[in-house]
There are 4 protein chains.
Amino acid sequence: MPEVLFKVDLTKPMEEQDLPGHNRWHPDIPAVAAVNPGAMFRIECKDWTDGQIQNNDDPSDIRDVNLKRVHVLSGPIWVNGAEPGDLLVVDILDIGALQGAEWGFAGIFARENGGGFLTEHYPEAAKSIWDFHGIYTTSRHIPGVRFAGITHPGLIGVAPSHELLAKWNKRERELVATDPHRVPELATLPDPTSTVLGSLTGAEYERIAAEGARTVPPRENGGNCDIKNLSRGSRIYFPVFVKGAKLSMGDIHFSQGDGEISFCGGIEMAGFIDLHVDIIKGGMAKYGIVNNPVFKPGPVEPHYSEFLVFEGISVDEFSGKQHYLDAHLAYRRACLNAIEYLKTLGYTGEQAYMLLSTAPVEGRISGIVDIPNACCTLAIPTAIFDRDITPK
Amino acid sequence: MPEVLFKVDLTKPMEEQDLPGHNRWHPDIPAVAAVNPGAMFRIECKDWTDGQIQNNDDPSDIRDVNLKRVHVLSGPIWVNGAEPGDLLVVDILDIGALQGAEWGFAGIFARENGGGFLTEHYPEAAKSIWDFHGIYTTSRHIPGVRFAGITHPGLIGVAPSHELLAKWNKRERELVATDPHRVPELATLPDPTSTVLGSLTGAEYERIAAEGARTVPPRENGGNCDIKNLSRGSRIYFPVFVKGAKLSMGDIHFSQGDGEISFCGGIEMAGFIDLHVDIIKGGMAKYGIVNNPVFKPGPVEPHYSEFLVFEGISVDEFSGKQHYLDAHLAYRRACLNAIEYLKTLGYTGEQAYMLLSTAPVEGRISGIVDIPNACCTLAIPTAIFDRDITPK
Amino acid sequence: MPEVLFKVDLTKPMEEQDLPGHNRWHPDIPAVAAVNPGAMFRIECKDWTDGQIQNNDDPSDIRDVNLKRVHVLSGPIWVNGAEPGDLLVVDILDIGALQGAEWGFAGIFARENGGGFLTEHYPEAAKSIWDFHGIYTTSRHIPGVRFAGITHPGLIGVAPSHELLAKWNKRERELVATDPHRVPELATLPDPTSTVLGSLTGAEYERIAAEGARTVPPRENGGNCDIKNLSRGSRIYFPVFVKGAKLSMGDIHFSQGDGEISFCGGIEMAGFIDLHVDIIKGGMAKYGIVNNPVFKPGPVEPHYSEFLVFEGISVDEFSGKQHYLDAHLAYRRACLNAIEYLKTLGYTGEQAYMLLSTAPVEGRISGIVDIPNACCTLAIPTAIFDRDITPK
Amino acid sequence: MPEVLFKVDLTKPMEEQDLPGHNRWHPDIPAVAAVNPGAMFRIECKDWTDGQIQNNDDPSDIRDVNLKRVHVLSGPIWVNGAEPGDLLVVDILDIGALQGAEWGFAGIFARENGGGFLTEHYPEAAKSIWDFHGIYTTSRHIPGVRFAGITHPGLIGVAPSHELLAKWNKRERELVATDPHRVPELATLPDPTSTVLGSLTGAEYERIAAEGARTVPPRENGGNCDIKNLSRGSRIYFPVFVKGAKLSMGDIHFSQGDGEISFCGGIEMAGFIDLHVDIIKGGMAKYGIVNNPVFKPGPVEPHYSEFLVFEGISVDEFSGKQHYLDAHLAYRRACLNAIEYLKTLGYTGEQAYMLLSTAPVEGRISGIVDIPNACCTLAIPTAIFDRDITPK
């Protein structure tokens, strides 16, 4: 087992850990450890909510979750020699649950507190608990399915530079300003409430808490990409924006479907990540990797060969209004079509919604130019069900 | 070889074929043939432009293409016993090129005549010709790549009912009305110019030509879905909207990347499709398949295990403006990131654009709930290149 | 379509073709065509028996087949510039059925005339006819299964040198001499009966017919390897033993399981093969490819993810006698175990035997050192059945 | 983490463990724990040699290994309700290394002490140490390769009945009697030396030690099958021969190639196995599973799409003698062909031999009926190398 650089105690909140992590992005959050290129090490992570959700059948913790606390991240890790303009090469060597914590949760957030992709259809909070059986998971809340996890960090990223952070805050403020009272909100802006910044206190804490970007969206630094294929064995090439790169991570998902549609949507878990890091000097310019990370998936993703595929187009399901090449809407329609199908198998809409969010479904932008309809597809691997689900 | 129900002569335009097809959707276009459930048959198809593009190095035919002629379709085929409410089960048993026509084309439409996904970046017409070598293709216009085709009908669908057609026309007219002079246009509305409706003439032709929906977008009837995975061996379940179902198809692609981003984007070809049809009586209600077709992909898709994956988020590349969970924009950014990478390998932007449009790249909606950024990914199979393209 | 270098008329025996092929291996059989490195061309092939088997339900043609006529091959093709010591690089670009001949056969040879892997268990002749439906096949003689073909030339090889031919004849004669009256025979030796040698006649014919090696076994030149994975898209590196390389091929199988256990065991068909050839000068020494061809499989093999796997060990099923690391016996036991299982699903032993021989089953040497038992495994893709076949 | 039913202390030999396991097969070895159908539990295992091999560069421990001590197994586990005639359904939920022991070894046994598949070619002892990096492994003794483990128990099986044990001993004695002084020996017979039988002592120990079958070969009970695909996520159906089934296991391999050709051939490790067990009453007769276990592989095997494939035929490499359909010999020739190829890349023969034994190579019985040559193939996934190894 590689050396553990970041350890968590699941009984304590992030700020009380021996080595506290953080839940905002900022270049000035101090690193908790430094490693050399070539190093291999382990990082332990709490679940993204910092332990707010319990292993029981009551969704009230999902309903009442404090979203200002998310995502609690482990790090930052300083990589010696990394400088702006380099590529930080990160191998995800392994990921797993912590001993004694072999379970995870998925949920539907209430429309008033977070919402999700289908919040207009499913506005009430719901929860499903997933037990891990080695590579497999099942849920007592969604019977008849068992699948292998495509475990991944929902969130992994490097620190932004001051300039990049300023750009984020500006553009997101401008978006929120277009509809400041929307529910759910259009973006989460810096908010000192519930902010954790390692062991910082005092004026420096106050300054950074006021400036630090929220961790919800993926951005140029990687961050909360929620890419299910960034799983075991992947190699990621991150653009480096600050000295030391400052790598942080968390939000581990035992499994997730493309889109992570229910928002609390992967099977959320605490766990560990084993990493190897290296540097490609000057790699950003050399390879044109300047806007976002690039990665190579690993070779042990769960492997299916039969799928049932649902299509969706960009016509609003309520009004029938035609939208222009709207892939978001097209994917929503594909998901709704799949849910209608799953209902004919006996699932409730909420169960089907959480299943699409957690199982290794493939969400594709199949056609994006055939005006005015985008065509998105959702492919469900049929082997996750304990019976044949194809039409006869 | 199964019986050929629809034959094409590549030297003649669609209206001069012995059995002319059609290029609009309308319930009253007469069927050209009738088959029983259980039938197996072959349909030949012209390329979607009806032969407007030549196998040469001059993109002026792409620039000047008459888009009112698209898509020339083969059909409709009447399936005996199919009635509204049923599911039409269509197996795509095989697809291939016509003898002597073992080539295809991809192109970038000029912004003023069609445009495409990246038309703000690549507004000029361009063309690439692809030669087929059995399962493989190469292009003299994009050196250094060779890949196996994931051949599929870009367009396959059943006839709409009168009610459904009226709904389409209404919603699309309303969209166009929001910005009637936009270039490219927001949608293509019914237009008698260049309309082909089988052997219809006279008043009936005039009526249908005025009402018939254009074939550009995918809709409830399937249609121009441009789903690359609807390839050899797939089984499709179509909702049936009219008596006889009236199945039509065309727009064969030798290969296509997810999104078909350059619009004239798959490797467009003439060819044949071998089909088997069957009916599930009352299947629409039984399986909740009411909005769009559902399908099972076949087992012989080209199979890759190594990919380089590019991410994109919903921030506008020109203005830096933050958009809200816009998967269209996020996929555009992922494509642009990939193009920048491919440029470091020596490709021009146009070559890279056409490569992403034609090669079997995977376009995924990876995260769709992490406000305000959608995260889309574009995965390029590295084995299509004649050298190692990963960063070192 | 590439130029057809070798054409067949299915109504005529091989010696009456416009350009007759051959059914023995010999360096002096004249080439029928010459190509340059870089050439792409099509070769048509008769089925391996030269049309002796009919599409009907009567196995008497299998029982009475003239095995001295096999395998009728198309070629030899002379490759300009190829010399002993080079590698001949052959791409199998495509393979398919001939128009109007979309069917194949598999059979169990009678013990007295050919036999097969399980001839002690199934000594009587049997036949199954397989109809092709695009990429799929079904048999009216083995209900409940449908699978995609992994089409390949059972036989493809280059001409031996005189020295190599002499070595073959010597070693095979010595083997036969150890038990000259065995039924089935231990090897097939040169035999002028039914020999076809292109358009040769007279003394040269007589000489070569007396010396020419039978085509039954795979040897250093490739030949009748019956490797199912040598399918569409494969690239083969052949050692070159004679000037011009002299490439020949035939024995096309629409599909075959590993081992081709029933001997007439793949789904035998007439068909075409599209090829591309090239040369690596001096490649034999450079890459150490001196004993047998090496190949890279193509990317469009039918692709399954669920298998039921049967094990076998090297203990004789009749006597219970322990054999020493005998993989032949272990694979036989694995096949017999699979057949017993398939019988519980309602198949006869003969049906199951032919199914294992034709469907894309994987036969593996799993353990070969655990004295005294070899462990071989046979993996059946479960998706080829129209129902769930796993134990419950 | 499931309850640990069998714990090992790597610093102590098997007989000194708190709960000692066993290294012989016998129905009367007492069970160490009992579980109900439906139970999930963890079993820890020592490496198969009981810790005789050190993590260093000196192969003398391989040379001098005491093979009478192998394989030290964890168990037997009694499954309540299991009776002869049932099927024991065992799910391998997970497998991994023990904390602090993230390494393994492979070796070539000296001809005089064990030997291996190519012992006539490589008669001297050799050793390679493999370090685990999450899902990947590398060896300082075989540079330039890295691959993901297809981790599996080389040995897992149920207890034989007295009758079955007697049959084993009889048939193996008869084999040894045919050449009792052969080096390596033809089979390993019961031998009290170094026998461990749980906590048994006294007369019962003596009796069972004299009768107990060695664990080297796979047999009707499963046992040392060394099937690499029996990896994470597999479900095995064992025939039950004694009350309680008495399941035992060990010989964990981090990775292994088909055949495990160097005998000490997988990457041998200590580790844990998480299991789930169930029973199908009367399943042996119902499914015809009477001779050997049957299994379904799991969905997370390392997944490759490009291979270089080497063929071999049954002609002896020393004498040139033709053997009759000898798959053992054909696979040996395929391995030797691959080794010659790997030598041109700079590897020694011993390195190449150990690489084929440890990396996830596929060994197939491709053709087994083409008299007199069996054709076996060895497929090496090219992605395990840090450079392109295909011929150019």
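Leaving aside neighbours within four places in sequence, which residues is D:Asp274 in contact with? Select D:Asp274 and find out: D:Pro2, D:Phe41, D:Arg42, D:Asp91, D:Ile92, D:Leu93 and D:Asp94, where contact means heavy atoms within 4.5 Å.

Before going on, note that this is a predicted model, in which local features need pLDDT of at least 70, side-chain atom pairs count only at pLDDT 80 or more, and totals for chains, interfaces and linings use all residues. Residues are numbered from 1 along each chain as its sequence is written, chains are lettered from A and ligands numbered from 1 in the order in which they are written, and side-chain values use heavy atoms, with hydrogens and water left out.

Stay with D:Asp274 for a moment. D:Asp274 is buried, at 4% relative accessible area (buried means under 20%, exposed over 50%, partly exposed in between; 1.4 Å probe, protein chains only).

Next, show chain D and chain B together. Five residues from chain D and five residues from chain B make the contact. About 400 Å² is buried between chain D and chain B, and carbon and sulfur atoms give 47% of that area (accessible area, 1.4 Å probe, that two parts lose on being put together, summed over both). 100% of the interface residues of chain D are also interface residues in chain B, so the copies meet through the same surface.

Look for salt bridges across this interface and you will find zero (a side-chain nitrogen of Lys or Arg within 4 Å of a carboxyl oxygen of Asp or Glu).
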